[in-house]
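Please open your viewer and get your selection tool ready.

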Amino acid sequence: MTSLRLSDLARELGVAVHGTDAPITGLAIDSRAVTTGDLFVAIRGDRVDGNDFIDKALAHGAAAVVTSQVLSDAIPHLTVTDSGAACAAFGRLARESFDGVVTGITGSAGKTTAKAFLAAICACTDRTVATDGNQNNELGVPLTLAKLLSAPQFGVVEMGAAQRGDIAHLKSMALPQVVVLLNAFEAHVGRFGSLDNIVATKGEILDGLSPSSVAVLNADQSNFALWSARAQPARIISFGWTTAADVRVVGERSNGFAGSQVELDLNGSNVSVRLCVPGKAGVTNALAVAAAAIGLGIGVDKIVEGLESVKPVAGRGNTVSLRDGVTLIDDSYNASPSSVIAALDVLSNSKTPRTAVLADMLELGDEAVSYHQQVGRYISKLGIERVIAVGELSRHIGDQCSPQSIYFQDADALLGACPTFSKNETVLVKGSRGMRLDRFVDAMTASLGETTC
């Protein structure tokens with residue numbers, strides 16, 4: 001276990017240490033998550049002020065505090081004006097003290113699944129720390145980097161973006177030797193202004209690489225050549241379904257939402273892998289992290305072992321078996337046009353009858369209505385039996401599809417109506433996180449009850 005001192009962070013921030021200096025072995029921004037030896041950084045948010053929880057953090061074992069307030073000198077602390085900058089500085093210090101290998105992962109879709117795959121592969125080889133949940137922003141990345149103080153061999157850092165410059169900022173903290181750029185899609189295009197801006201933002205992870213760096217790039221994307229040039233002079237390992245990719249699919253047999261049996265060419269080594277993550281997107285994510293693992297020097301046997309160990313997590317395509325043979329596919333965490341279409345493809349190959357419960361895809365800008373109409377027309381093409389549309393934008397899905405369509409204004413209206421499902425029905429639930437379809441998943445699970453397989 002490595003430790004930093006409060007005075008190290010004080011020098012980095014150009015502030016004074018109040019009280020005694022203290023060794024620090026971790027970082028927390030939630031008093032409930034504090035463990036002995038942590039630095040507690042009090043974040044003032046829109047609804048909660050972390051300064052109100054300093055006493056609780058100290059009671060849980062915090063060694064020191066970063067705050068915007070002046071505290072008693074009996075408490076080791078720093079007083080700062082920007083607590084977020086303090087977190088970033090601590091993350092950088094933790095990274096600088098780390099002798100292992102860090103991999104950074106970004107993309108419009110699949111980051112969390114890819115992170116889980118790679119963390120599992122690395123853990124088969126040596127001690128590994130990785131991003132928890134979706135902690136992939138300016139506060140989450142320092143929390144991950146702080147875990148490097150536990151002296152693992154591998155660090156896997158997921159990086160998200162809300163605007164131009166975000167990935168560059170996160171990369172400046174994480175300093176990854178291996179970078180993975182999964183894709184650039186229309187997700188959040190309303191926030192970024194254009195797909196070109198998304199492509200440029202995700203590409204920030206490729207800037208400033210050295211000849212000893214590894215860049216893992218999607219050979220199926222139209223931006224592959226652009227990103228390859230931007231990644232120079234790093235070693236490039238490509239992945240994809242194209243025969244030109246270094247890591248590619250040789251054969252696939254889909255098992256629907258249960259996953260796939262795939263034959264992969266891992267840069268000249270052919271292997272068979274049973275994936276529990278469903279759909280073509282799941283296979284693509286597996287390709288990406290297999291390429292990253294090759295860049296990390298991990299053997300093929302460990303790559304296969306890690307890939308086969310990963311199962312979908314709640315809200316991201318996990319399958320729940322309910323009474324009367326109803327199969328619930330909980331993909332309620334988020335949605336974009338490309339991810340919805342990918343999920344519908346898998347649903348179309350599932351047992352009948354099939355229902356798609358789809359809520360609004362948010363942050364799509366001026367083309368939002370058009371994107372929802374495209375999804376509706378695609379459902380008609382697939383022949384899915386029923387659609388339950390939730391939200392003002394999703395009304396356009398129902399208007400454009402030929403199957404039986406039911407519309408609800410929001411999740412509350414859906415919950416109030418409590419629609420019924422047939423015996424042996426397959427039900428896909430997918431929508432943007434802000435639409436709160438997770439509440440409907442919880443209600444379905446409570447009313448129909450989980451069964452054991």
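Helices (H or I, at least four residues) and strands (E, at least two) are DSSP runs numbered from the N terminus, and two strands pair if DSSP finds at least two bridges between them. This is a predicted model, in which local features need pLDDT of at least 70, side-chain atom pairs count only at pLDDT 80 or more, and totals for chains, interfaces and linings use all residues. Residues are numbered from 1 along each chain as its sequence is written, and side-chain values use heavy atoms, with hydrogens and water left out.

Start with the open sheet: six strands in the order β16-β17-β21-β18-β19-β20, with mixed pairing. Colour β16 (318-321) and β20 (404-408) next; they stand at the edges with a single partner strand each, so one side of each has no neighbour in the sheet.

Now zoom in on β16 and β17 (residues 327-331), which run antiparallel and are joined by four bridges. Select Val-320 and you will find Leu-328 of β17 opposite.

For a last stop, go to Asp-8, in helix α1 (residues 6-13). Is Asp-8 buried, exposed or partly exposed? Its 23% relative accessibility makes Asp-8 partly exposed, since buried means under 20% relative accessible area, exposed over 50% and partly exposed in between (1.4 Å probe, protein chains only). Finally, draw a distance to Glu-186: the C-alpha atoms of Asp-8 and Glu-186 are separated by 42 Å, and the two residues are 178 residues apart along the chain.
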